[in-house]
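User: I have a structure open and want to talk it through. Can you take my questions as they come?

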Amino acid sequence: MNNSTQNAVSKVPEVTLMFWIIKIAATTLGETGGDAVSMSMNLGYLIGTLIFAAIFLVAVIAQIKATNFRPLLYWTTIIATTTVGTTLADFADRSLGIGYAGGSTLLLALLFGSLYVWHRTLGSVSVNTVSSPRAEMFYWVTIMFSQTLGTALGDWTADTAGLGYTGAAIVFGGLLALVVAAYFWTKISRTVLFWAAFILTRPLGAVVGDFLDKPLSAGGLALSRYSASAALFVFILASILLFKHRAAKKAH
């Protein structure tokens with residue numbers, strides 16, 4: 001294995017409890033931050049999507065060009081996927097009139113399609129095998145689809161299905177608990193369980209974010225989107241700086 005491959009592998013973080021804590025916080029920030037730009041700033045879903053898409057592209061390019069694992073850069077890219085995912089899903093669901101169910105179905109198909117093409121092309125979708133720019137592109141495209149799906153799925157569960165934000169959070173939290181149980185007590189593929197957990201944390205973060213900033217009349221806490229986003233950002237930054245983050249080990 002050459003040095004460039006080793007360096008590429010080292011840019012993928014080890015999956016630990018702290019990884020999941022930051023991931024949920026980042027997805028929640030994606031919801032409050034995306035809504036702050038598109039709604040509170042009155043820029044609309046399309047402009048918000050264009051702004052966050054530009055940030056996402058810059059972050060992904062920087063991530064792929066990096067020569068080693070940089071926690072701040074990695075989580076910046078993750079947050080970028082959650083914010084653009086929020087505004088993009090809202091634009092498709094509301095502005096284009098696809099609806100939550102239609103948007104969720106379309107994005108689920110795109111997500112599974114991305115995983116399928118990734119697996120067919122490179123032989124594995126395990127994050128521990130991300131060892132080339134091409135694999136990284138598949139990795140970030142798949143994450144992008146999963147983050148966008150999460151917003152649509154969260155909104156569909158909370159609004160269309162009528163569960164509300166707390167009810168939807170309980171549903172997705174319960175599903176995550178089942179994934180954790182499967183991890184400890186079954187032999188289900190760890191790669192399958194990783195992506196199941198990764199996908200489920202996004203709608204969980206979406207409904208928690210909505211719960212924080214939506215009006216009281218809609219079942220939320222009516223917190224400022226700016227203050228909620230700032231608090232989440234500080235928490236994520238502190239978690240990155242105060243805890244040690246290692247690169248994932250290469251799969252053998």
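Analyst: What follows goes from the overall fold to single residues.

Analyst: This is a predicted model, in which local features need pLDDT of at least 70 and side-chain atom pairs count only at pLDDT 80 or more, while totals for chains, interfaces and linings use all residues. Residues are numbered from 1 along each chain as its sequence is written, and side-chain values use heavy atoms, with hydrogens and water left out.

User: How many helices and strands does the protein have?

Analyst: There are nine helices and zero strands. Both kinds of element are DSSP runs numbered from the N terminus, helices being H or I with at least four residues and strands E with at least two. The order from the N terminus is α-α-α-α-α-α-α-α-α. The radius of gyration is 17 Å, close to the 18 Å from the globule rule for 252 residues, so the protein is as compact as a globular protein of that length. That radius is taken over C-alpha atoms, and the rule is 2.2 Å times the number of residues to the power 0.38.

User: What box do the C-alpha atoms fill?

Analyst: Along the principal axes, the box is roughly 60 × 35 × 35 Å.

User: And what share of the residues is buried?

Analyst: Buried residues are 49% of the 252. Buried means under 20% relative accessible area, exposed means over 50%, and partly exposed is in between, with a 1.4 Å probe and protein chains only.

User: How many charged side chains, positive and negative?

Analyst: The protein has 16 positive and 10 negative side chains, and the centres of the two sets are 17 Å apart. Lys and Arg count as positive, Asp and Glu as negative, and His and the chain ends are not counted. Each charge is placed at NZ of Lys, CZ of Arg, CG of Asp or CD of Glu.

User: Back to the inside. How many residues are in the largest nonpolar core?

Analyst: That core has 57 residues, and those with the most contacts inside it are Tyr74, Ile78, Trp118, Tyr139, Trp195, Phe198 and Ile236. A nonpolar core here is a set of buried Ala, Val, Leu, Ile, Met, Phe, Trp, Tyr and Cys residues joined through side-chain atoms within 4.5 Å.

User: Which helices supply at least two residues each?

Analyst: α2 (17–40), α3 (44–65), α4 (71–95), α5 (99–122), α6, α7 (164–185), α8 and α9 (225–242) each do.

User: What does Trp118 touch, sequence neighbours aside?

Analyst: Leaving out residues within four places in sequence, Trp118 is in contact with Gly123, Ser124, Val125, Ser126, Val130, Ala135, Phe138, Tyr139, Thr142 and Trp195. Contact means heavy atoms within 4.5 Å. Across the protein, 77% of contacts between residues at least 6 apart in sequence join residues at least 24 apart.

User: Now α6. Is Thr148 buried or exposed?

Analyst: Thr148, in helix α6 (residues 133–160), counts as buried because its relative accessibility is 2%. Beyond four places in sequence, Thr148 is in contact with Gly85, Leu88, Ala89 and Leu107.

User: Where is Pro203, and what does it contact?

Analyst: Pro203 lies in helix α8 and is buried, at 1% relative accessibility. With neighbours within four places set aside, Pro203 is in contact with Gly150, Leu153, Gly154 and Phe172. The C-alpha atoms of Pro203 and Thr157, 46 residues apart along the chain, are separated by 8.9 Å.

User: And Asp213, buried or exposed?

Analyst: Asp213 is buried, at 6% relative accessible area. Asp213 is in helix α8 (residues 190–213). Outside four places in sequence, the contacts of Asp213 are Thr32, Asp35, Ala222, Leu223 and Arg225.

User: Ala222 is in that list. What is its phi?

Analyst: Phi of Ala222 is near 60°, a positive value in a residue other than glycine. Ala222 sits in the loop between α8 and α9 and is partly exposed, at 44%.

User: What about phi of Asn42?

Analyst: Phi of Asn42 is near 60°, again positive in a residue other than glycine. Asn42 is in the loop between α2 and α3 and counts as exposed because its relative accessibility is 66%.

User: Last one: is Phe184 buried or exposed?

Analyst: Phe184, in helix α7, counts as exposed, at 57% relative accessibility.
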